[in-house]
Amino acid sequence: MEYKDYYKILGVERDASADAIKGAYRKLARKYHPDISKEKGAEESFKEVAEAYEVLKDPEKRAAYDQIGRGFRPGQEFRPPPDWDAGFEFSGGESGEFSDFFEALFGRARGRGRGGGGEFRARGQDHHAKVLIDVEDAYRGATRSISLRSAELGEDGQVRLRERQVNVSIPKGVRQGQMIRLAGQGSPGMGGGPAGDLYLEIEFNPHSIYRVDGKDVYLDLPVAPWEAALGGKVKSPTPAGVVDLTIPANSGQGRKLRLRGRGIPATEPGDFYAVLQVVLPPARTPEAQRLYREMAEKLAFNPRQHMGV
Amino acid sequence: MAGSAKEILSGIVVDEVSTVTIEDITRFCAVRREKIVDLIAEGIIEPEGQRPEEWRFSGRVLSRAKRAIRLESELDINLGAAAIILDLLDQIDELRAALERSGR
């Protein structure tokens, strides 16, 4: 694995004080925090910064890191020497959030009291995962295969990272941000305690044409000028299939046509909105240009009239 | 794992209907009960019910509580500041949704 230079990541000197490290972390955390920065790669940067701080803020971990890191450059191939952590006691830190480099040095497998089973009965931890679905899945229901990573205590007392696949049924009518709770699918309990739960948070993939707002679904529907002006029937896609829409005469750009109850299904289903987008036919052929000129002459229409120009 | 059945698991949608307990939130966030009580004191999550023993929450509080706790630790701020940030983020979400609805 690659060596990570945590001092460089935080932009501090190797002999930086605890305060300097804290200050550096705060600035970078605010810059890259995924809730605050929408830049691509911000989350990756944030994870890196958080990991660097996790090590450098803790005197024990920092000392161990300094000792092991002498002479390495960032990105250089790295292997921890055997037994290197003898004498260091580490605690805390969630697994699955840190790089391989961190796990090799400070992962939960290290520093655990080995030997002596000890009677310790506890409920397993809950797991959280996000599940990405499409809008259509919320209309019809779906099955999704999720890959979960969990840290588990093996029989030998060692903590291992285990990856498993589960198939989950996504019911009809789920909404953005809702949680599905799968009882007993979290971490196994210890000493005979019950297993924790698995929580899946629903997130919608951005859709090419639909926008979701709670239970309501929006679609920008292109229409021809005469369809908007004269009204009439047009076909519109919806996540549940194609429907016939009646456009009232004299509909303007941006007018919303509501189809009640055609949003995300529920006891009280959401609504589907077609937002009219008037699109001009191109004026590239002589015939098209002639027709436009005729409209200009015969309709005497000035859209800037109210501006006095 | 060889031989494991490819079964399909079903769960319960944790909904707006208030059924979540403090216990559930504590386990979900993997923190002590006191921390959840602090969240309630800051108004970050709000229970229904008169007495603490009767308190129940909507399913939405799970991710909100977790988010507040993460902000507190990730940004190295206190819960009061985290509460303000969450409110501002809500406002941003509302504005984004309004933009979406207006077709822009």
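**From surface to salt bridges**

Colleague: In which helix is Leu299(A) found?
Modeller: Before we dig in, this is a predicted model: local features need pLDDT of at least 70, side-chain atom pairs count only at pLDDT 80 or more, and totals for chains, interfaces and linings use all residues. Residues are numbered from 1 along each chain as its sequence is written, chains are lettered from A and ligands numbered from 1 in the order in which they are written, and side-chain values use heavy atoms, leaving out hydrogens and water. Helices (H or I, at least four residues) and strands (E, at least two) are DSSP runs numbered from the N terminus. Leu299(A) sits in residues 286–299 of chain A, which is helix 8.

Colleague: Is Leu299(A) buried or exposed?
Modeller: Buried means under 20% relative accessible area, exposed over 50%, and partly exposed in between (1.4 Å probe, protein chains only). Leu299(A) has a relative accessible area of 54%, so we call it exposed.

Colleague: What about the inside: how many residues are in the largest nonpolar core?
Modeller: A core is a set of buried Ala, Val, Leu, Ile, Met, Phe, Trp, Tyr and Cys residues joined through side-chain atoms within 4.5 Å. Members from both chains, including Tyr65(A) and Ile25(B), are among those touching the most other members, and the total is 53 residues.

Colleague: How much area is buried between chain A and chain B?
Modeller: The size of an interface is often given as the accessible area lost when the parts come together. Here that's the loss on putting two parts together (1.4 Å probe), summed over both. Contact means heavy atoms within 4.5 Å, and 43 residues of chain A contact 34 residues of chain B. Carbon and sulfur atoms give 49% of the buried area, which is about 3,300 Å².

Colleague: Which residue of chain B meets Arg26(A) in a salt bridge?
Modeller: A salt bridge is a side-chain nitrogen of Lys or Arg within 4 Å of a carboxyl oxygen of Asp or Glu. Five of them are counted between chain A and chain B. Arg26(A) is in helix 2 (residues 18–32) of chain A and its partner is in the loop between helix 3 (61–74) and helix 4 (79–101) of chain B, so the pair joins two chains. At 3.3 Å, N to O, the partner is Asp76(B).

Colleague: And which residue forms a salt bridge with Asp197(A), the closest N and O atoms being 3.8 Å apart?
Modeller: Asp197(A) lies in the loop between strand 4 (179–182) and strand 5 (198–204), and the partner lies in strand 4, so the pair ties together parts 16 residues apart in sequence. Both belong to a salt-bridge network that also includes Glu23(B) and Arg27(B). The partner is Arg181(A).
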